[in-house]
Amino acid sequence: MKNIRHIFKLMPLLALLLTACDKFLDVNTDETLKGDATMQELLPTAQFYTAEASFQQAYVACQYAQQLGSALGANGIDTYAETDNTLGWSNLYLYALPQLNAIIGKGQDEGAPAYVGIAKVLTAYNLGLATVNWENVPYSQADQKNFSPAYDTQEQIYATIAKLLDEAVTALAGTSGAKPGADDLIYQGDLGKWTRLAYSLRARYLWHGSLKNPQQIAESTIAALQKGMKGNEDDFQLQYNSKNLSPWYSKVAIPNTTGNLSVTFTNTIVDLMNGTTQGVADPRLSKVIGLKNNQTAYSGVVPGSGSGSTVDLNNKAWHSNIDSPLVMMTYSELKGIEAEARLMQKGGTGTSAEGYAAYQAMITANMRKVGVADAEIDVFLKDAKVNVGASKLTAKHIITEKFKSMLLIGDVWTDIRKYNYLDFPMPTNVNPDLQGKRIQRMKYPDSEITRNSKTVLANQKDPEVTMWLINK
């Protein structure tokens, strides 16, 4: 009953998101709780919970990656404290994945490949969220009335993701059956954009494993991304507004503004933008990072300390104002992946003209997305500290800019772990259980341990143990 009441509370939000579709205006009935819920009723709900799971992941992962830090003191997640991200797990396994599975079944039964394709893209994405958080996770035996499913290994999950995305591309090319419209909150039924997202996610998840077989993965990744997003208009995000509030606004910015502090930006990300680290000021600074009242200089919180910050994740920041979208993947990220892959093709020392253009396009796309003027972009790109030339471009140049471009996108933690946390200083008051090592994973939720303890205990590893993905 608790879960049912929870969904009933959320359905007015989902209804308002679909103002173009009259049947969603009956806010007293949750159509997705019926056994005969239609694909059109299931899709927006599944997309909503996908965005919620993305937010919950980013809230934790961006603290581990040192974009965010606790504003509450010296005992936050940013000390590499273990956390289970229970809400993220619930959104994935109680809501998003079961509803996506239902869409796939109904779409196959009703001959609607467009819905099948979209649901498979979203399923692949949600599995990507799960495995980079917890490594081994349930899937092949999940959602089958099995209360103690075995967990798939991370290697199996990545193979499943690849298969789902390939199947999605095939399905999205189908011409028969019902097509989504207003019920598709992300691309409003544009199947071309869903296809490009499938290829973009293929590139992302291929590149996750680049440490294992760099040259081969680089070639496969480039082949995928060439069919991926073509510009910022293809970005994978859920748009919120003044009636349907973004979680970064409603759950972080507003509480921060009213004294119920949670997280703010770290000195790691602020110093990358204010000129302290790179020696060049980034014009995104005032767009994406808010200042506390009466402050004029930008200083981020020292991770693990809860102090030192003049900045705020408030309603003046691009990602957390009343009209902000919840961003899950961008064209800018795809160009960053291309820059990394082309650098790898050259052996990691210098890059090709195409690789250098991708590096520059990554920066340009994100700056334009957050509202930086072209003249300011041009000045930044011409600065000698950024404009190093193709022959001198390094992975650190690319990842530094990718780290900024992927602000508040939880998958940035995967990059940071792959590159051994770059040269980021250890947090103060760091979790002593890690014995000086960096955190590599979230722990399984206590509820899962209670329900499926034997399986969980067989898969749980210490927080400092690197994942299969990152082991060469």
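**Exercise 1.** In the loop between which helices does Leu408 lie?

*Solution.* Leu408 belongs to the loop between H14 and H15, where helices (H or I, at least four residues) and strands (E, at least two) are DSSP runs numbered from the N terminus. The model is predicted: local features need pLDDT of at least 70 and side-chain atom pairs count only at pLDDT 80 or more, while totals for chains, interfaces and linings use all residues. Residues are numbered from 1 along each chain as its sequence is written, and side-chain values use heavy atoms, with hydrogens and water left out.

Next, consider the backbone. Leu408 is not a glycine, yet its phi is positive, about 65 degrees. Its relative accessibility is 5%, so Leu408 counts as buried (under 20% relative accessible area; exposed is over 50% and partly exposed in between, with a 1.4 Å probe and protein chains only).

**Exercise 2.** Locate Asn85 and describe its phi angle.

*Solution.* Asn85 is placed in the loop between strand E1 (68–70) and H3. Its phi is near 50 degrees, a positive value in a residue other than glycine. With 6% relative accessibility, Asn85 is buried.

**Exercise 3.** Classify the aromatic pair of Trp194 and Phe236 and state which elements it ties together.

*Solution.* Begin with the criterion: rings of Phe, Tyr and Trp (its six-membered ring) pair if their centres lie within 6.5 Å, and planes under 30 degrees apart count as stacked, over 60 as edge-to-face and the rest as tilted. A search of the whole structure gives 18 aromatic pairs. For Trp194 and Phe236, the centres are 6.5 Å apart and the planes make 65 degrees, an edge-to-face pair. Trp194 is in helix H6 (residues 191–208) and Phe236 in strand E2 (residues 236–239), so the pair ties together parts that are 42 residues apart in sequence.

Then examine the surroundings. Trp194 is buried at 0% relative accessibility, and Phe236 is buried with a relative accessible area of 0%. The C-alpha atoms of Phe236 and Leu197 are separated by 7.2 Å, although these residues are 39 apart along the chain.

**Exercise 4.** Classify the pair of Phe403 and Phe424.

*Solution.* The ring centres of Phe403 and Phe424 are 5.2 Å apart and the planes stand at 55 degrees, so the pair is tilted. Phe403 is in helix H14 (residues 395–405), and Phe424 is in the loop between helix H15 (412–418) and helix H16 (446–451), so that distant parts of the chain, 21 residues apart, are linked.

**Exercise 5.** State which charged residues lie over the rings of Trp468 and Trp413.

*Solution.* The test is that NZ of Lys or CZ of Arg is within 6 Å of the ring centre and within 35 degrees of the ring normal. The charged end of Lys212 sits over the ring of Trp468, 4.3 Å from its centre. Arg417 lies over the face of Trp413, 3.6 Å from the ring centre.

**Exercise 6.** Describe the packing of helix H2 against helix H3.

*Solution.* The axes of H2 (residues 39–64) and H3 (residues 86–110) come within 8 Å and cross at roughly 150 degrees; axes are lines fitted to C-alpha atoms, for helices over the stretch in contact, and angles run from 0 to 180 degrees between N-to-C directions. H2 is therefore roughly antiparallel to H3 (over 145 degrees; under 35 is roughly parallel, 65 to 115 roughly perpendicular and the rest oblique).
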